[in-house]
Amino acid sequence: MSDTATSGVKQGFQLKSASVSMTALELYYFDDSEFEEVLRDKISQAPGFFKDIPLIISLEKYQGLDSELDFFKMIGTCRRNHIHVIGVRGGTDDQRRLARGAALALLPGNGQRDRTHEAEQAAADEAEAAVVAASTSAAGDPPPAKIISQPVRSGQQIHAPEGDLVILAPVQAGAEVLAAGNIHVYGPLRGRALAGIHGAESARVFCQSLEAELVSIAGHYKISEDLQDNGWKSAVQIQLRDDLLVVTPLDKA
Amino acid sequence: MARIIVVTSGKGGVGKTTTSASISTGLAKRGHKTVVIDFDVGLRNLDLIMNCERRVVYDFVNVIQGEASLNQALIRDKRVDTLYILPASQTREKEALTKDGVEKVINELSETFDYIVCDSPAGIEHGALMALYYADEAIVVTNPEVSSVRDSDRILGILQSKSRRAEMGQDPVKEHLLLTRYNPSRVEKGEMLSVADVEEILAIPLLGVIPESQIVLNASNQGLPVILEEDSDAGQAYDDAVARLLGEEREHRFMTSQKKGFFSRMFKGG
């Protein structure tokens, strides 16, 4: 039995958010033979870098005709040169329909509003609506906090992929707690606590007794050895300031 | 319906089998019809401690695989007549314990017994998971040292996530901490964790503290559950633990190295 099996996970996999930096090909117009020529020229400048990379085709600056957009040819040419086209970014509805027909993923673009006046207006309205929606959802319905009232035992992992994580019991040595937002432990924190796992640098870790193996905020971490000088075995909060983890006693906060 | 109690620890050599033998004997001595099952397939020990190793004909795996009936495999204890032992197989693999097979045996035992005590093997593998799966209560046997405490914490996590009660969303398995091999004078010297330390880390109720004693070893070697050594402090400590398991309030003893306690132990040869 694997370790994850003991945390009660029944599925064969979990979906996690991931951010990967990728190469985008910004297409202005498409001509099959010229496309391959330019592509080969670029690859020859750094053959190692381009070998088997994923590529997205950005349509935001595309000025050619929709009828000239042959995604199958583009995919084929790229494949011959060991580049994997995985999706398109931006583009009009018609262009995106073509891309979809070629089994490409559709990524949202942000340059569409430059296209026409009308589109600009529509996009602006949409954006405004989105802002309103975002602010109402922020006011009325924040991402729910995950609340755990049982001790988190050695070997267990508790994951709050959206909001805060609140634990009303000890987090034991060998246990791991992760949250997109803040982590509160109303008990001793003896295991590992990782707050802001999606990069939220404002996330904090609060605990009643700092005895942690590791504390991390947005990827910046400190291990037990480095935590012992300040606030060890007392109630503290830990936050990120200028890329450094700062431990402050809770009674002086 | 029988109460199903697993005796478990994660770590090996902390006193699970000794505890299973004494707790089951203690329950039976109080008139409860009790069966103790050895889940340690391949490393059969319980029958030695219960002094019935020469009476084993059929075992737990034989019953699961339909090669023998429960009545053929159950061994009646010679000292306490409400106590039965279901020995483990010495020649099979732990995988012979299937979930369905174990359930069938436990259900059948539930019909006639008051208490089913499951003696878990060490580790967190299949045998240990089978031993704890059907439990209503767990006695977590822990020695006062950090590695044992860590492993007990691990097994507590598994009890709360992989037992039948956890999977069915029923009330969680009731947990009891039993601290064994406790030596108050070594605690005072700082060589061992104290009861308070262990309680603080594991955060579960304390069932009892069994003092470290030569009597425990002697009793095991003679095939006698130490609870039957009624004059010894270890035997009395197990008796207290059984009483608490049955809901009695008893003050914890043997937790400090009182001079008197120390000398009386010396004079009794402990």
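**Exercise 1. Determine the strand order of the sheet in chain B and identify its edge strands.**

Solution. Eight strands of chain B form an open sheet of mixed pairing, in the order β3-β4-β2-β5-β1-β6-β7-β8. Strands here are DSSP runs (E, at least two residues) and helices likewise (H or I, at least four), numbered from the N terminus; two strands pair if DSSP finds at least two bridges between them. β3 (75-76) and β8 of chain B each pair on one side only, and are the edge strands. β3(B) runs antiparallel to β4 (residues 83-86) of chain B, joined by two bridges. Arg76(B) has Tyr84(B) of β4(B) as its bridge partner.

The model is predicted: local features need pLDDT of at least 70, side-chain atom pairs pLDDT 80 or more, while totals for chains, interfaces and linings use all residues. Residues are numbered from 1 along each chain as its sequence is written, chains are lettered from A and ligands numbered from 1 in written order, and side-chain values use heavy atoms, without hydrogens and water.

**Exercise 2. Locate the buried residues of α10 (residues 195-202) of chain B.**

Solution. Val195(B), Val198(B) and Leu202(B) are buried, meaning under 20% relative accessible area (1.4 Å probe, protein chains only). They lie on the same side of α10(B), because they cover an arc of only 70° around the axis, taken from the directions to the C-beta atoms. They pack against β6 (137-142), α7 (146-162), β7 (174-182) and β8 (206-211) of chain B.

Note on methods: Buried means under 20% relative accessible area, exposed over 50%, partly exposed in between (1.4 Å probe, protein chains only). Contact means heavy atoms within 4.5 Å.
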